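Subject: Structure handover

Hello,

Here is the structure I promised to pass on.

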Amino acid sequence: MADVIIKECREYDAEIIKAQINAGMELLGGWGRFVAPGMKVLLKVNLIGPKKADSAAVTHAEFVRALVQILKNLGCEVWIGDSSGGAIAGIAPTAQSFKVSGLARVAEEEGAVIKNFDREGAVEVKAESGLVEGMYLAGPMFDADFVINVPKLKTHSATLYTGAVKNLFGCIPGLKKAGYHRLAPDPKDLGTVLYDIHRAVKAGLHIMDGIVAMQGEGPTAGQAYPAGKILISTDPLALDTVAAAMLGMDIAEIPMLQTVKERGLGTADLDKIRLAGDFVQPPVLRGFKLPKRYRRSGNWNPAIVVKFIDFMRARPYIDSKLCKNCNMCVESCPVQAIEQQTKRIDYKACIECMCCHELCLHKAVTLRWDNRLAAFFMKLYNKAIAAGAAKSK
Ligand code: SF4
Ligand code: SF4
């Protein structure tokens, strides 16, 4: 049985967050089960890019403040680390992300240490799956005495969902991430890379910021949704299974999580997950908007499903009116499919990883359906969802 604790928390107030996390930790056996005075504890946050705390794209600064205060009070040295996605002028924008998100300020005010994974060296580890010979992961993940994964509850336009399992992709420093995207263009293969990372770094605890989640076309271009939850577990897959159920998703429909389940990273069966805290069933978030690519296949004939997938296919498109020519998408595209001058995408080369959509800070990369009829249906569908959400408020 895996344990997942869900605590209700409606605001980014460090005092309230601390009280709820501490109450949740008591149900897991207390902090003393995991940390001791003098330990170096690394908080592996979600710092996907230079986004503000209230964007719902990054782990909120006040959530991190609450964890830093708890751990410092327990006598630990606290590190805050991540490596952002994408590139600006040839380098990952991690330093900028720490500033814009407010995490640099929180670290300074609370006496924590920032660990920019792009500048802290990397450790070569064996990939257990054998997908690659060795992987280079950020040094602080191994220098710390204990790692707490602090993901954000979000949808993802390519992998459908992003949470505790996917958050450790940021352990790959800087631009090396693009290489892994190239190596694992399919979300199922990406699941193998994530499995290898989790097996190598062994984060001991996962505490999710689900106070304000991101819905729609996450992980950066969606909208904020006040979910009001904090999830805690030692099992990242069990945590994601519960979180996905809260969003109305089934992890059988999320290929990346299916792969880690098949490889045995954790528990993905709701019947084998013991829920505690403020809920004994996953609390469903009413009116939550799922990404365009998410659909339920149910018991459909696979051939029909494949046709449906082709029919519903959405691709990235760069809107020249919104584009600021920062070239982050050009430099981040793992297969160099975006022409620098015109920003035209070579769809023959594009592997549909959606990095460009994920990383554009100006929302200039939109998703478009190949099929006009599909676009029309999706417009109607989104209107119906919005009307349902308005009614349920
Ligand atoms: S599409 Fe976005 S990321 Fe790409 S160059 Fe334009 S503004 Fe930058
Ligand atoms: S153009 Fe295609 S391959 Fe390149 S980043 Fe965008 S989605 Fe990925």
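Below is what I found in it, topic by topic.

**The model overall**

This is a predicted model. The average pLDDT of the chain is 89, and 90% of the residues score at least 70. One stretch needs care: over residues 297-303, pLDDT stays under 50. The model has three contacts beyond four places in sequence for that stretch. Where pLDDT is low, the predicted coordinates should not be read in detail.

The chain has 393 residues, and 49% of them are buried. It contains 14 helices and 14 strands. Take the contacts with a separation of 6 or more: 76% of them join residues 24 or more positions apart.

**The two ligands**

Ligand 1 is surrounded by 13 residues. The closest are Cys323, Cys326, Cys329, Cys360 and Ala364. Its shell has eight nonpolar, three polar and two charged residues.

Ligand 2 also has 13 residues around it. Here the closest are Cys333, Cys350, Cys353, Cys355 and Cys356. The shell of ligand 2 divides into twelve nonpolar residues, one charged and no polar.

**The cores**

In soluble globular proteins, nonpolar side chains tend to be buried together. In this chain, the largest nonpolar core holds 96 residues. Which members touch the most others? They are Leu43, Val64, Leu67, Leu137 and Leu194. A second, separate core has 15 residues, including Ala158, Met328, Cys333 and Val365.

Leu194 is worth a look. Leaving aside neighbours within four places in sequence, Leu194 is in contact with Val165, Lys166, Leu168, Phe169, Met256 and Val260.

Start with H4, residues 103-110. Leu103, Val106 and Ala107 are buried there. These three cover an arc of only 100° around the axis, which puts them on the same side of H4. An α-helix has 3.6 residues a turn, so residues three or four places apart point the same way. What covers the buried residues of H4? The cover includes strands E2 (40-45), E3 (77-82) and E4 (113-116), along with helices H2 (61-73) and H3 (94-100). The face turned away from the buried side carries the exposed Glu108 and Glu109. Just after H4, Gly111 takes a positive phi of about 75°.

Next is H7, residues 176-183. Its buried residues are Lys177, Ala178, Tyr180 and His181. They fall within an arc of 160° seen down the axis, so they line one face of H7. These buried residues pack against H8 (187-201), H12 and H13.

Most residues other than glycine have a negative phi, and most peptide bonds are trans. Three places in this model are worth checking on that score.

- Gly218 to Pro219: this peptide bond is cis, with omega near 10°. Pro219 is in the loop between strands E10 (205-215) and E11 (223-233).
- Gln336: phi is near 50°, a positive value in a residue other than glycine. Gln336 lies in the loop between H12 (328-332) and H13 (355-359). It counts as partly exposed because it has 13 C-beta neighbours inside 10 Å.
- Lys363: phi is positive, about 50°, although this residue is not a glycine. Lys363 lies in the loop between H13 and strand E14 (365-369). Is Lys363 buried or exposed? With 12 C-beta neighbours inside 10 Å, Lys363 counts as exposed.

Finally, go to Ala224, in strand E11. Ala224 and Ala56 are 168 residues apart in sequence. In space, their C-alpha atoms are 5.5 Å apart. Leaving aside neighbours within four places in sequence, Ala224 is in contact with Ala56, Val212 and Met214. Ala224 counts as partly exposed, because it has 14 C-beta neighbours inside 10 Å.

Best wishes

Methods. Residues numbered from 1 in each chain as written. Chains lettered and ligands numbered in written order. Predicted model: local features only at pLDDT ≥ 70, side-chain atom pairs only at ≥ 80, totals over all residues. Near = placed C-beta within 6 Å. Nonpolar A, V, L, I, M, F, W, Y, C, P; charged D, E, K, R; others polar. Core = buried A, V, L, I, M, F, W, Y, C linked by C-beta atoms within 7 Å. Buried ≥ 20, exposed ≤ 12 C-beta atoms within 10 Å, placed from the backbone. Contact = placed C-beta atoms within 7 Å. Helix = DSSP H or I, 4+ residues; strand = E, 2+ residues; numbered from the N terminus. Arc of directions from axis to C-beta. pLDDT = per-residue confidence, 0-100.
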